[in-house]
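Subject: Structure handover

Hello,

I am passing the structure on to you, with notes on what was found in it. Please keep it open while you read.

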Amino acid sequence: MKAIVVQKYGSPDLLELKDVDKPAVEDDGVLVRVRAASVNPADWYGVAGRPYVARIAVGLLKPKSDRLGIDFAGTVEAVGKDITEFRPGDEVFGGRSGAFAEYVCVRNAVVLRPANLTPEQAAAVPVAALTALQGLRDKGQIQPGQKVLINGASGGVGTFAVQIAKALGAEVTGVCSTRNVDLVRSIGADHVIDYTREDFTRSGRRYDLMFDVAGSRSWSECKRILNPQATLVIVGAPKGGRLMGPLSHIVRVRLAALRSSRKVVWFIAKMNKPDMAVLRDLLQARKVTPVIDRRYKLSEVPDALRYLGEGHAQGKIIITV
Ligand SMILES: NC(=O)c1ccc[n+]([C@@H]2O[C@H](COP(=O)([O-])OP(=O)(O)OC[C@H]3O[C@@H](n4cnc5c(N)ncnc54)[C@H](OP(=O)(O)O)[C@@H]3O)[C@@H](O)[C@H]2O)c1
């Protein structure tokens, strides 16, 4: 089968579309013929090997795994002998490393694709929507009626965060640039702030929860708009330096907020089946609809990563397989 292979750190130019062995079906696994995948900043870190601190997880001198991609949607081709939930022919979506390939064998994080979603829409979901769900629900403890601000509302995570926060009953304010104002309003934000025209930290409005995907503001700026018992959930941050990357912003904010009554939380989303099922239900009920920016072919993964690296995607970037 064909798969995108990464053998050393560097730029996306080093990625190759190669013939590799098709994965075997494990007893507790499901073999899926991938029909679509999507790109995440985590893939970008795996290619660049930067920030260097990320190499603790992905491999010190060269990538531990030569395969790339996480999010996929596709058709079950075969199931292991312990699997009772799926049958060949089922349409599924989920997360598994090595998704930029014609086949993946997946164990846990896979669920049936709702009939109202195309494979491309479903492939947009796993990492970005799980991040939004876990960040808002578990880390932010979002409650109906709360005022929630989403800084970075127009990208992969942000477009899911706006819709999930609305589905959970919050009053949502989305922050984005001028060209994305209509998009963010169209997915349900009650208020939209164009960060190129208005400084939301000087608006005088206060929030119970700030979900910070962009990480574009300091703690003293964020603090101004947070109620005394509010929570700041840090999701992402600018690329930062070679050593620490986005972590330097996260450490700075957490240290600065140590003595505040407001809570600051940073987390890394975890792929798991119960939360994939929650997302499937939200998608099926049409409370959440994936926003797709561009589509690329499997051979064009390097172009997709370069575009993602520019940091201004409007929703998710899809790989059609
Ligand atoms: N903690 C976790 O588990 C986790 C999981 C997934 C992703 N992340 C992190 O979350 C971040 C975003 O991921 P993503 O997949 O959503 O990326 P993405 O699709 O590339 O989206 C980036 C978005 O950020 C917006 N943006 C850029 N500068 C901004 C600013 N100054 N103010 C407000 N918005 C701004 C862009 O909108 P404009 O074009 O309008 O500027 C763009 O829509 C990354 O740092 C990623 O590493 C963390």
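How many residues of domain 1 are in contact with domain 2, and with how many residues there? The model is predicted, and in it 13 residues of domain 1 are in contact with 16 residues of domain 2. The domain assignment gives domain 1 as 2–125 + 290–320 and domain 2 as 128–266. Their C-alpha centres lie 27 Å apart.

Domain 1: the end of the chain

Strand β14 (292–297), helix α10 (residues 301–309) and strand β15 (316–320) make a right-handed β-α-β unit. Four of the five residues of β15 are buried, so the strand counts as mostly covered.

In α10, the buried residues are Val301, Ala304, Leu305 and Leu308. Seen down the helix axis, they fall within an arc of 95 degrees, so they line one face of α10. The general rule behind such a pattern is that an α-helix has 3.6 residues a turn, so residues three or four places apart point the same way. The buried residues of α10 pack against β14 and β15, and also against β1 (2–5) and α1 (41–48). Just after the helix, Gly311 takes a positive phi of about 80 degrees.

Six strands form an open sheet in the order β10-β9-β8-β11-β12-β13, with parallel pairing. β10 (191–194) and β13 (263–266) are the edge strands, each pairing on one side only. From one strand to the next, the twist averages 15 degrees. Strand β8 (residues 147–151) and strand β9 (residues 171–176) run parallel and are joined by five bridges; Leu149 stands opposite Thr173 in β9. Helix α8 (residues 247–256) packs on the sheet, where it touches β12 (226–234) and β13. The direction of α8 makes about 160 degrees with that of β13.

Tyr195 lies in the loop between β10 and β11 (207–212). Leaving out residues up to four places away in sequence, Tyr195 touches Val175, Cys176, Ser177 and Phe200. Val175 is 20 residues from Tyr195 along the chain, yet their C-alpha atoms are separated by 6.2 Å. Tyr195 counts as partly exposed because it has 19 C-beta neighbours inside 10 Å, and 20 or more would be needed for a buried residue.

Backbone points to check

Most residues other than glycine have a negative phi, and most peptide bonds are trans.

- The peptide bond from Arg50 to Pro51 is cis, with omega near 0 degrees; Pro51 is in the loop between α1 and α2 (55–58).
- Gln141, in the loop between α4 (126–139) and β8, has a positive phi of about 50 degrees although it is not a glycine. Gln141 is partly exposed, with 14 other C-beta atoms within 10 Å.
- Arg286, in the loop between α9 (273–284) and β14, has a positive phi of about 60 degrees and is not a glycine either. Arg286 is exposed, with 10 other C-beta atoms within 10 Å.

Regards

How values were computed
Residues are numbered from 1 along each chain as its sequence is written. This is a predicted model: local features need pLDDT of at least 70, side-chain atom pairs count only at pLDDT 80 or more; totals for chains, interfaces and linings use all residues. A residue is buried if 20 or more other C-beta atoms lie within 10 Å of its own, exposed if 12 or fewer, and partly exposed in between; C-beta atoms are placed from the backbone. Helices (H or I, at least four residues) and strands (E, at least two) are DSSP runs, numbered from the N terminus. The arc is that of the directions from the helix axis to the C-beta atoms. Two residues are in contact if their C-beta atoms, placed from the backbone, lie within 7 Å. Two strands pair if DSSP finds at least two bridges between them. Axes are lines fitted to C-alpha atoms, for helices over the stretch in contact, and angles run from 0 to 180 degrees between N-to-C directions. A crossover is right-handed if, with the strands pointing away from the viewer, the path from the first strand over the helix to the second runs clockwise. Domain bounds come from an automatic or database domain assignment.
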